[in-house]
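Here is a briefing on one protein chain. The points are grouped by topic, with cut-offs given where a term comes up.

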Amino acid sequence: MEEIPEAPPRDIKVKVKDSRTLLVTWRPPDKNLQNGDILGYYIGYKISSSSDPFHYKTFEVIPGMELQNTLNELEKFTEYSILIQAYNRAGAGPHSKEVTATTEEDVPGAPPTDVRCTALSPQRILVLWSSPPESAINGMLKGYKVLYRSLADWDDFSHPMEQVTRDNKLELSNLGQFCNYSIEVCAFTNKGDGVKSQPIFCRTLEDVPSEPADIKALIMDSRTVLVSWRPPQYPNGRIQKYKVYVRSLDGIGLDKDNFEIPAEQTFYTISHLELHHRYEFWVSAFTAVGEGAGSRHIVQAPASHVPARIASFTQQVIAVLHEDLHLSCHSVGEPAPLRLWRKNEKPVQGSSVKINDEWQLYISPVTALHAGNYTCSVENIFGKDEITYYVTVQGNRNKGIPPTPGDLQVTSASISSILLQWNISLAINNVIQGFYLHLKREFGEWEKIVLTADDMSYLLSNLQCGTRYYLYLQTFNQLGQSSPTPTIVTRTQGSAPVAPSSADLIKVNSTSISLNLSSWSDGGCPITSLVVEYKQKKAIAWTLVSNNIKVGKPEFLVLDLDPETWYTLRITAHNSAGSTAKEYNFVTLTYGGATISPDAAERSISGGKMFYSDLGIIGPTASAVIVLLAAATGLLLYLRKNQEMLSSKPFGDKPLEDLMSGADKKTVAPIYDSDDGLVALSPTPQESVYLPTPVRVSPAHRKGISPYATFRVPLEVSMKNAENIESCVSSGPVRYPGNIKISEMPDSCTESTYSKIQGNSQHSNEGTEWIPLHNLYQVHRY
């Protein structure tokens, strides 16, 4: 007999396939130590540092197959211990020595935690964080990357910048003053960058502003100059005020050489100047930190002639969709200049565009059609001037809330997945922290999936087959969420089950049917259950066989049916795409297994079960038929015998009373023949008298009387009228006593006889009608 192997497998080697997979190879034990046929091997593995028991996989030996097996779904960058045992019919032999191997590195599976930042100066920010969980690093941690980018007042594009460190902190320098920054941190290994942390936002400290962007000095009259300027390009904080400086170049003394102006105002009029004397002007801005650099200096001298000039500046303007836009054209000149607004070199027009008394252009509300070049020109006899506003229209001003994604669409779908794509302007993706993808299955609840800011497509997986889904997308950052995209409706591939033909589905027997459930087509979505019901074809109520048949059964039996009977079968198949119900008509076979004829099939439909298929009916019916045949044979023999007797012994015209003895008169009884409609008077059970007796029947009972019905006539009535009956016979034999028969009577006698019988009949009843019995000649038919 076999014994367990005496030695373990040999030459065990482990090869690293990837970060989750190891390939194990080995050789069998020495032949002389196998002690039988090696049927397979048990492969045990566990994490080397773990105290858990080994997990085992069974490897069955197949001739010609290499001795190797793959261990899947392992932990990343983790050392495993592996051993192998051989087994035969007697059991498992000793296990091999443990072999260790480490799965491959991978990128970190989690971001750094507790990321925070603080501003150190107008140009420096300190960022700090904690390491990802040790189990999520998935390799040798090489360091961290800090990605940051500025968020402008408008949605201007800025490329993210990156700095690398091995520490858990980093100081960002050379940043923009009073600028908001989005900051993310990720860990990396030799395999690459891991998951990024959620963005955080920090603003650098305020600084002094840059110089005003431009300045003008315009003559208003012989002693006044109008100074106007543009705000600094880099405020580096919140502008609190401006200061306008003036200095005489001709040595004329001034009462005041600087003027403080509120932050909202960008022009100032300086009076009490001397005619034709030159003056120098410049402007500076202030923040909470202090005064910034001054603007360029400009020289102007008051004069008696005032040319037409515009105090506003040519500039780029961004208009916000659905908001209002004001374009200024503040001008000077004496005499008052002629002014004109043009859009793209054509006069401005439109109901949404208005010009007020100060010649400001108002657009309310702004639409995409209002983008273009708006030019204001002025002219008088001393000069002319013009400025141009280059207007573009954007969806929304960057107030911290990100813009809405665009062009969300489904690019492909399968039975369990949907691929989505969208886009977002490169000019605005710097303000996005991520995306919220909202989805809802039809008749389900809304779900939310968080995506990163770099995602421009997403594959929704593990969806229900053949199901409708509703989807929309939003961007978000720490300040809020954008408006949602329009909701799109899509569905995964697949349809409700498709019913097979009756021939493919049903195999009929005498008292059962066999259903081939595999003949149902699933429509691309697996069938979850089937409901089977049946009923006799003309019945109303259904009989439930099962309401949860699993599709794994290739065959299903419906039992306890009656042979040779028409039935209707109803099957309802369910899958995730819907339900399909189908009815099938079939007729069971005979007890012998034969198919019934079409005529019998029709009778079984109209009459239900065939009478001869019920043993409770076949026996009594056969017995009744035999008894009736015997009785009919005896009756025919009896009638023939009596006929021969009467023909040999005629009785002539004797009265009826003379033919009957006293005892017979007492025992005469009426006999009913329900088939002839005749009344027979019989002095003995073997003798009868047939009379054409009219019967009076109420209308309520007339319908239930056979045209061949017979009725009892009282004996005394028959006797009293016997003479009349006898005298009225004109032709045909009257036979006594064996079978007193009256076959024909004249019409004159019939009425009399009928009326006398009627007068004493026990069936007399007012309000009834008379129905004459059938002609007596039909007696001979029976």
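S482 is found in the loop between β40 (480-481) and β41 (488-491). Helices (H or I, at least four residues) and strands (E, at least two) are DSSP runs, numbered from the N terminus. This is a predicted model, in which local features need pLDDT of at least 70, side-chain atom pairs count only at pLDDT 80 or more, and totals for chains, interfaces and linings use all residues. Residues are numbered from 1 along each chain as its sequence is written, and side-chain values use heavy atoms, with hydrogens and water left out.

- S482 is buried, because its relative accessible area is 5%. Buried means under 20% relative accessible area, exposed over 50%, and partly exposed in between (1.4 Å probe, protein chains only).
- S482 and P403 are 79 residues apart in sequence. Their C-alpha atoms are 5.4 Å apart in space.

**Whole chain**

- The chain has 8 helices and 54 strands.
- Of its 782 residues, 42% count as buried.
- The accessible surface comes to about 42,200 Å². Carbon and sulfur atoms hold 51% of that surface. Accessible areas come from the Shrake-Rupley method with a 1.4 Å probe; for residues, only the protein chains shown count as cover.
- Among contacts with a separation of 6 or more, 65% are between residues 24 or more positions apart. Contact means heavy atoms within 4.5 Å.

**Strand β32 and its partners**

- Strand β32 covers residues 372-380. Of its 9 residues, 7 are buried, so the strand is largely enclosed by the rest of the structure.
- Strand β28 (residues 338-343) runs antiparallel to β32, and 6 bridges join the two. Two strands pair if DSSP finds at least two bridges between them.
- R339 stands opposite V378 in β32.
- Strand β33 (residues 383-394) is also antiparallel to β32, with 9 bridges between them.
- G372 has V391 in β33 as its bridge partner.
- β32 and β33 form a hairpin, with 2 residues between them.

**Sheet β9-β10-β13**

- This open sheet has 3 strands in the order β9-β10-β13, and the pairing is antiparallel.
- β9 (113-121) and β13 (169-172) stand at the edges. Each has a single partner strand, so one side of each is left without a neighbour in the sheet.
- Neighbouring strands here are turned by 15° against each other on average, direction ignored. Axes are lines fitted to C-alpha atoms, for helices over the stretch in contact, and angles run from 0 to 180 degrees between N-to-C directions.
- β9 pairs with strand β10 (residues 124-130) over 6 bridges, in the antiparallel sense.
- T113 stands opposite S130 in β10.

**Sheet β17-β18-β21**

- Another open sheet of 3 strands has the order β17-β18-β21, with antiparallel pairing.
- The edge strands are β17 (212-221) and β21 (267-270), and each pairs on one side only.
- In this sheet, neighbouring strands are turned by 20° against each other on average, direction ignored.
- Strand β18 (residues 224-232) and β21 run antiparallel, joined by 4 bridges.
- L226 stands opposite T269 in β21.

**Backbone exceptions**

- Most residues other than glycine have a negative phi, and most peptide bonds are trans.
- E334 and P335 are joined by a cis peptide bond, with omega about 5°. P335 is found in the loop between β27 (331-334) and β28.
- S364 and P365 are joined by a cis peptide bond, with omega about -10°. P365 lies in the loop between β31 (361-363) and β32.
- D11 is not a glycine, yet its phi is positive, at about 50°. D11 sits in strand β1 (residues 10-18). D11 counts as partly exposed, because its relative accessibility is 42%.
- D407 is another residue other than glycine with a positive phi, near 55°. D407 lies in strand β34 (residues 406-413).

**Nonpolar surface patch**

- L635, Y638 and L639 make a nonpolar surface patch of about 230 Å². Patches are made of residues with over 30% relative accessible area and no salt bridge: like charges are joined within 9 Å, nonpolar side chains (Val, Leu, Ile, Met, Phe, Trp, Tyr) within 5 Å. A salt bridge is a side-chain nitrogen of Lys or Arg within 4 Å of a carboxyl oxygen of Asp or Glu.
- L635 lies in helix α3 (residues 615-648). L635 is partly exposed, because its relative accessible area is 42%.
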